[in-house]
Amino acid sequence: AIAGPMRHNFSYLCALIIKMADEGQLQKKSWIHILGTCELEAAVMFTALQRAINEHINPDLRISYDTSSPFRLISNFLIYTIPAFDEKRMVLQSARIPDGDHFIGSDYRWPWPSPLGDLLKIRDVCCQTNDGRNHCRDVQSGYYIQHHNLASLCYAIALANRVFDSESFSENRSIAIPTGAGVRAIYDVIKSGSMITLGQYAPTFKNLRHSSEADDSDCDREYD
């Protein structure tokens, strides 16, 4: 398991993988877990790292990661909306949860898509409470929102990987161009197994949004 600020530093992670492989500590491992991660770019990079390891070091190793953000967002009155992709980045956006007395009993559909969200109406989340809360949500509303957030995050991660795979052989990449360069760097570095090659890609890794040693955030938070 890898945690702390360095968990998003892919130069450090590649160096760690090379060292473990050189010492024979990676060839028989089955799992590497990254704690506190839900950034879409990081998810794409971890996919690339796992594929490179599978191809050149250990065909059976799996990389996983976790996050508490889908459950913690609600404490800040936030909910995931839809992913936004452009040439520089990939972000799962968030917005304020619809709330207020005027929503109680409303037949308006829940605004943001997810398997559960597609079935909800505003009245399912905004309800009359009698416990002095400063919002119109109860415990059940919280469960609905957390279910929606988790599903939205899983969908966004899968979509980011799908988009990246579809552009993997394109000479005109249009989405998260720095991340695309990072993916190529990971493949070359793990294939070479060389710290020298890793050093040559230092500027590429430094250019990634989530490769700073000081980056200890759990997830992007974009507000509409």
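**View 1. The second largest cavity of the predicted model.** Grid points are joined across faces, edges and corners, and a volume is the space filled by probe spheres set on the points. Its lining (residues with an atom within 4 Å of a point) consists of I2, L13, L16, I17, I32, I34, L49 and I63. Two or more of these residues come from each of α1 (10–22) and β1 (31–34), with helices (H or I, at least four residues) and strands (E, at least two) taken as DSSP runs numbered from the N terminus. The lining comprises eight nonpolar, no polar and no charged residues, where Ala, Val, Leu, Ile, Met, Phe, Trp, Tyr, Cys and Pro count as nonpolar, Asp, Glu, Lys and Arg as charged, and the others, Gly among them, as polar.

**View 2. The largest pocket.** A pocket is an open set with protein on both sides within 12 Å along at least five of seven lines. The largest pocket holds about 270 Å³ and has 16 lining residues, with F164, S168, R173, V183 and Y187 nearest its centre.

**View 3. The second largest pocket.** This pocket has a volume of about 210 Å³. β2 contributes the largest share of its lining, four residues.

**Basis of the views.** Residues are numbered from 1 along each chain as its sequence is written, and side-chain values use heavy atoms, with hydrogens and water left out. In this predicted model, local features need pLDDT of at least 70 and side-chain atom pairs count only at pLDDT 80 or more, whereas totals for chains, interfaces and linings use all residues.

Technical notes: 1 Å grid on protein atoms, 1.4 Å probe; cavity = no way out; pocket = protein on both sides within 12 Å on 5 of 7 lines; lining within 4 Å.
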